[in-house]
Amino acid sequence: MADIVRDWRTELVEAYPDLFHPPVGDPGAAQGSPECGEGWCDLLERAFARIRTAVQADGGSLKVAQIKEKYGTLRLYWQGSLSPEARAQVAEAVDLAEARSACTCELCGENGRLYGPDWLTTRCMTHARGRPVERPPGFENIHLMQRIVDGRLRTVACRRYDRASDRFIDVDPASLGIEEE
């Protein structure tokens with residue numbers, strides 16, 4: 001009997017049909033099926049476990065609209081009807097997945113970094129092409145959340161992603177030289 005090759009994308013959709021809403025009998029045709037490398041499968045599974053927990057606790061609904069790579073990192077878009085609390089929990093799960101993608105090889109899942117200069121990709125040293133994208137010292141895995149407040153761009157959150165614990169750690173923006181006017 002021939003070996004059956006399973007596609008990780010289809011398996012992810014089958015594991016979370018309540019979030020992907022695939023056509024009956026064809027999970028491979030789900031609208032939000034991932035368009036990225038297998039190295040990000042684990043971080044997507046973590047994200048969807050967190051998202052499912054938030055949605056089920058809330059009693060709301062969510063549908064994955066798109067999952068793709070853009071500028072070397074993951075983008076996950078969704079639509080749905082959730083309370084503000086559940087919406088914040090889903091946003092945090094998405095932020096964590098996107099942050100983890102910035103330090104995880106899209107091809108194999110090992111520790112990676114952003115390479116360029118032409119097409120940006122996150123890769124491990126084995127799969128890297130091009131040159132590492134340089135970041136100012138101290139800005140590795142930093143995620144800034146900025147909003148317009150009183151007509152001015154303000155930093156409302158400055159966090160460093162810690163891959164080992166898969167969580168964010170708050171950072172004082174002033175420690176990075178980010179000044180508020």
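1. A word on the model first. The structure is predicted, so to speak of local features a pLDDT of at least 70 is needed, side-chain atom pairs count only at pLDDT 80 or more, and totals for chains, interfaces and linings use all residues. Residues are numbered from 1 along each chain as its sequence is written, and side-chain values use heavy atoms, with hydrogens and water left out.

2. Overall make-up. The protein chain has four helices and eight strands; helices (H or I, at least four residues) and strands (E, at least two) are DSSP runs, numbered from the N terminus. Read from the N terminus, the elements follow the order α-α-α-β-β-α-β-β-β-β-β-β. The C-alpha trace spans about 65 × 45 × 30 Å along its principal axes.

3. Strand β1 (residues 61–70) runs antiparallel to strand β2 (residues 73–81), and nine bridges join them; for pairing, DSSP must find at least two bridges between two strands.

4. Next comes a sheet of three strands. This sheet is open, with the order β4-β3-β5 and antiparallel pairing. Its edge strands, β4 (121–123) and β5 (131–132), each pair on one side only. Strand β3 (residues 113–116) is joined to β5 by two bridges, and Tyr-115 stands opposite Pro-132 in β5.

5. Two backbone details deserve a look in your viewer. The peptide bond from Gly-116 to Pro-117 is cis, with omega near 15 degrees, and Pro-117 sits in the loop between β3 and β4. Asn-141, a residue other than glycine, has a positive phi near 60 degrees; this Asn-141 belongs to the loop between β5 and β6 (142–149).

6. Now the domains. The assignment gives domain 1 (8–128) and domain 2 (137–180), with bounds that come from an automatic or database domain assignment. Their C-alpha centres lie 22 Å apart. Domain 1 brings 12 residues to the contact and domain 2 brings eight, where contact means heavy atoms within 4.5 Å.

7. How much area is buried between domain 1 and domain 2? About 910 Å², with carbon and sulfur atoms giving 47%; this is the accessible area (1.4 Å probe) that the two parts lose on being put together, summed over both. On the domain 1 side, Leu-96, Ala-99 and Arg-100 lose the most area to domain 2, together 46% of what that side buries.

8. Four salt bridges are counted between domain 1 and domain 2, each a side-chain nitrogen of Lys or Arg within 4 Å of a carboxyl oxygen of Asp or Glu. Asp-95 and Arg-159 meet through their side chains in a salt bridge (3.5 Å, N to O).

9. Finally, the make-up of the domain 1 side. Both α3 (41–58) and α4 (84–101) supply at least two residues of the side that touches domain 2, and the largest share, five residues, comes from α4. By class, that side of domain 1 has three nonpolar, three polar and six charged residues; Ala, Val, Leu, Ile, Met, Phe, Trp, Tyr, Cys and Pro count as nonpolar, Asp, Glu, Lys and Arg as charged, and the others, Gly among them, as polar.
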